[in-house]
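Hi everyone, thanks for coming. Please take a look at the sequence and the structure on the screen, and then we'll walk through them together.

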Amino acid sequence: MWVRLCGFVWLQRLVRGWVGGSGLAWHLNHLTLLPGLYFCRWLSGVFSPHLCSGWKGGLSPAPFRLGVKMGDVAKDLAAGTVGGAAQLVVGHPFDTIKVKLQSQPTPPPGQPPKFAGAMDAVKQTISAEGPRGLYKGMGAPLATVAAFNAVLFTVRGQMEALLRSEPGAALTVGQQVVAGAGAGVAVSFLACPTELIKCRLQAQSALATAAPAAAAAAAAPAAGGAAATVTTTASAAAVKYGGPLDVARHVLRSEGGVRGLFKGLVPTMAREIPGNALMFGVYEATKQFIAGGQDTSELGRGSLILAGGVAGAAFWGSVYPTDVVKSKLQVDDFKNPKYSGSMDAFKKILAADGARGLYRGFGPAMARSVPANGACFLAYEVTRSLL
């Protein structure tokens with residue numbers, strides 16, 4: 001299974017670099033979009049046979065034959081790229097603080113945590129690394145933001161066309177939920193390695209300082225020489241990365257090859273599929289509520305920002321504990337892992353910190369979601385309307 005999955009991902013990247021024009025459209029369909037399309041079809045059948053009234057017959061070898069034009073795909077690719085860039089610039093500092101809070105180890109008994117809260121994490125980050133520390137790890141998502149958001153909005157756009165009962169018809173909120181869920185399947189395979197690299201870079205300063213402190217506390221009853229040895233060992237165990245490529249090289253060389261880049265894929269999918277289903281459903285519902293009907297074409301930019309912000313809050317509010325589990329797994333030590341899998345991480349977080357442990361960093365995540373997703377949806381809608 002893993003061999004097929006890894007071959008799928010790397011073949012996708014290779015082919016994308018070789019082909020262009022209509023060839024790009026065909027390969028993009030078959031290597032990236034079809035998993036989402038098949039999932040959409042299955043999901044629509046689960047909820048209601050009427051939810052997918054525009055889907056006639058079997059899935060064509062080339063979904064473009066069902067009415068999805070290459071021009072629409074190109075627009076979604078371009079608009080999704082611009083929207084993702086806007087989201088990243090606005091939201092990355094909040095995301096950095098979120099990951100730092102999520103990934104900090106549970107302190108030894110009687111010891112305070114590394115960060116007392118979000119503002120303390122901001123102060124310590126700026127003090128130790130300067131303002132640039134808030135943008136640490138941005139290289140990985142920036143390098144792949146085009147692929148991630150292009151796939152997200154392109155899959156959603158193709159599904160919208162497939163779900164319509166007739167060309168130009170407005171989709172219901174339920175149909176947007178199905179389209180969002182299918183898009184979540186596709187983007188999971190891009191999000192997992194990207195976020196593993198990002199989380200490693202964002203969390204490394206907290207883990208590097210926490211490891212020797214924890215070792216020293218554990219070795220306190222021992223002799224001074226023994227304590228020094230344990231501390232040195234723990235400090236050496238904290239890997240220091242020079243950048244996104246350094247993380248990728250380390251994982252490929254020392255953590256199981258390409259398979260290591262997909263550590264945390266299960267919680268990533270558990271986040272992206274329901275999260276995107278809810279986000280696009282809430283986005284459409286909010287737009288229709290503001291517009292007073294299904295025709296939302298005349299909404300202003302302020303309304304689009306509001307709808308995008310509400311949708312982003314719905315995404316993170318619904319799947320945040322899953323994101324905590326994902327972050328814990330992705331920064332876990334490979335040679336001496338603390339967690340054996342997603343469920344083990346979930347249970348140990350609950351046992352160590354209670355339900356609060358599953359919402360560590362929730363404040364920065366919600367503070368980020370409204371402006372970042374508002375910027376993303378506005379940039380997407382405006383860019384697409386100009387193309």
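Let me begin with a question: which residues does Asn373 touch, if we leave out those up to four places away in sequence? Keep in mind as you look that this is a predicted model. The residues in contact with Asn373 are Gln87, Met279, Gly308, Gly309, Gly312 and Arg368. Asn373 itself belongs to helix α13, which covers residues 362-386. Is Asn373 buried or exposed? Its relative accessible area is 5%, and buried means under 20%, so Asn373 counts as buried.

Now let's step back to the whole protein. You can count 13 helices here, and zero strands. As for the surface, the protein exposes about 17,300 Å², with 65% of that supplied by carbon and sulfur atoms.

Helix α4, residues 118-129, has twelve residues. From its first C-alpha to its last it reaches 16 Å, which is close to the 16 Å expected at 1.5 Å a residue. Just after α4 comes Gly130, with a positive phi of about 80 degrees.

Next, salt bridges. How many does a search of the whole structure find? The search gives 17, and I'd like to show you three of them.

One is between Arg156 and Glu160, where the closest N and O atoms are 3.3 Å apart. Both residues sit in helix α5 (residues 139-163), four residues apart, and that is about one turn of the helix. Arg156 has 4% relative accessibility, so it counts as buried. Glu160 is at 14%, and it counts as buried too.

Another pairs the side chains of Arg200 and Glu255, at 2.9 Å from N to O. This pair links distant parts of the chain, 55 residues apart: Arg200 is in helix α6 (residues 173-218), while Glu255 is in the loop between α8 (244-254) and α9 (258-261). Arg200 is buried, with a relative accessible area of 5%, and Glu255 is buried at 7%.

My last pair is Glu381 with Lys287, whose side chains meet at 3.4 Å, N to O. Glu381 lies in helix α13 and Lys287 in helix α10, so this bridge ties together parts that are 94 residues apart in sequence. Lys287 is buried, with a relative accessible area of 7%. Elsewhere, salt bridges that share partners form one network out of Asp95, Lys98, Glu195, Lys198, Arg271, Glu272, Asp323 and Lys326.

Which residues make a nonpolar surface patch of about 400 Å²? They are Phe289, Ile290, Leu306 and Val310. The elements giving two or more residues to this patch are α10 (265-291) and α11 (301-330). Take Ile290, which has its place in helix α10. Why does Ile290 count as partly exposed? Its relative accessibility is 32%, and partly exposed covers what lies in between buried, under 20%, and exposed, over 50%.

That's my tour, so please send me your questions!

Methods:
Residues are numbered from 1 along each chain as its sequence is written. This is a predicted model: local features need pLDDT of at least 70, side-chain atom pairs count only at pLDDT 80 or more; totals for chains, interfaces and linings use all residues. Side-chain values use heavy atoms; hydrogens and water are left out. Patches are made of residues with over 30% relative accessible area and no salt bridge: like charges are joined within 9 Å, nonpolar side chains (Val, Leu, Ile, Met, Phe, Trp, Tyr) within 5 Å. Accessible areas come from the Shrake-Rupley method with a 1.4 Å probe; for residues, only the protein chains shown count as cover. A salt bridge is a side-chain nitrogen of Lys or Arg within 4 Å of a carboxyl oxygen of Asp or Glu. Buried means under 20% relative accessible area, exposed over 50%, partly exposed in between (1.4 Å probe, protein chains only). Contact means heavy atoms within 4.5 Å. The expected span of a helix is 1.5 Å times one less than its number of residues.
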